[in-house]
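Subject: Handover of a structure and notes on its contents

Dear colleague,

Please find the structure below, with its sequence. My notes on what was found in it follow.

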Amino acid sequence: KNSNSKKYALYGQEAIGSTWALAKMNMFLHGEDNHRIEWGDTIRNPLLLDKDGKHLLQFDVVTATPPFSLDKWGADDANADRYNRFHRGVPPKSKGDYAFVTHMIETLNEHGKAGVVLPHGVLFRGSSEGKIREQLIKENLLKAVIGLPANLFFGTGIPATILVFDKNKGDNTDVLFIDASNEFENAKNQNKLSDANIDKIFTTYKNWETVDKYSYVAKLEEIKENDYNLNIPRYVDTFEEEE
């Protein structure tokens, strides 16, 4: 939106060298000279730090598509994390999804927002993940849960979800659920979202509305009654009656 104003800076960190190099190249190709992209493991060794190196930098907007359910993400060192990112609990060793989520939330400023693409398991899995999820909801950080179609992302056929977090929700404790899993275009090797599909998701989010068989504004009480399970069909009924 402000891409001609240059009144912003882009920051990032990536563990895989070739992907980091691609990101850097992309910045130069798009004339984004005000950027800082570090090469390293975000969980074990976050590199976007303040001048004295003691605190994580904080941002207005954080987005990511972390590796889905990453095994061996660094759970052994999480309790001793010098930035105290895992105060809500340590995610399972074999599933790093919530490690990335909590890192992102700890790097938001007081009005920051985050959008993260994750596998559906983060919505309903129990044990330590369930406790972290419950805590994030109780802190009123979760704003929206958006279900996406299957086979949308390169390298995996499973359907994903976008979780939107907001540090500045105010008194509104509602959470918006959108089930966009059935609206997509078939492309040759994978599904894709058309402009119309994306626009519908965005408009529903912006208008913050319940749309029959598509979205639902859930009260905190309802989520609590569901034991903080965020599985989308619990909130959005897409069942079609047979003729």
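The largest nonpolar core has 30 residues, and those with the most contacts inside it are Val145, Leu163, Phe165, Phe177 and Ile223. A nonpolar core is here a set of buried Ala, Val, Leu, Ile, Met, Phe, Trp, Tyr and Cys residues joined through side-chain atoms within 4.5 Å. Buried means under 20% relative accessible area, exposed over 50%, and partly exposed in between, with a 1.4 Å probe and protein chains only. Two or more residues of this core come from each of β3 (59-64), α3 (97-106), β4, α4 (121-124), α5 (127-138), β5 (142-147), β6 (160-166) and β7 (175-179). Helices (H or I, at least four residues) and strands (E, at least two) are DSSP runs, numbered from the N terminus. A second, separate core of 11 residues includes Leu148, Leu152, Ile178 and Val217.

This is a predicted model: local features need pLDDT of at least 70 and side-chain atom pairs count only at pLDDT 80 or more, while totals for chains, interfaces and linings use all residues. Residues are numbered from 1 along each chain as its sequence is written, and side-chain values use heavy atoms, with hydrogens and water left out.

Leaving aside neighbours within four places in sequence, the contacts (heavy atoms within 4.5 Å) of Phe177 include Val145, Tyr214, Ile223, Leu230 and Val236. Tyr214 also has the charged end of Lys200 over its ring, 4.1 Å from the ring centre; for this, NZ of Lys or CZ of Arg must be within 6 Å of the ring centre and within 35 degrees of the ring normal.

Val117 is found in strand β4 (residues 108-119), and it counts as buried because its relative accessibility is 11%. Among the residues it touches, not counting those up to four places away in sequence, are Ala64, Phe68, Phe153 and Ile162.

The structure holds 5 aromatic pairs. Rings of Phe, Tyr and Trp (its six-membered ring) pair if their centres lie within 6.5 Å; planes under 30 degrees apart count as stacked, over 60 as edge-to-face and the rest as tilted. One of the pairs, Tyr11 with Phe59, is tilted, at 5.2 Å centre to centre and 50 degrees between the planes. Tyr11 lies in strand β1 (residues 10-14) and Phe59 in strand β3, so the pair ties together parts that are 48 residues apart in sequence. Trp20 and Trp39 are stacked, because their ring centres are 5.4 Å apart and their planes at 20 degrees. At 23% relative accessibility Trp20 is partly exposed, whereas Trp39, at 51%, is exposed.

Yours sincerely
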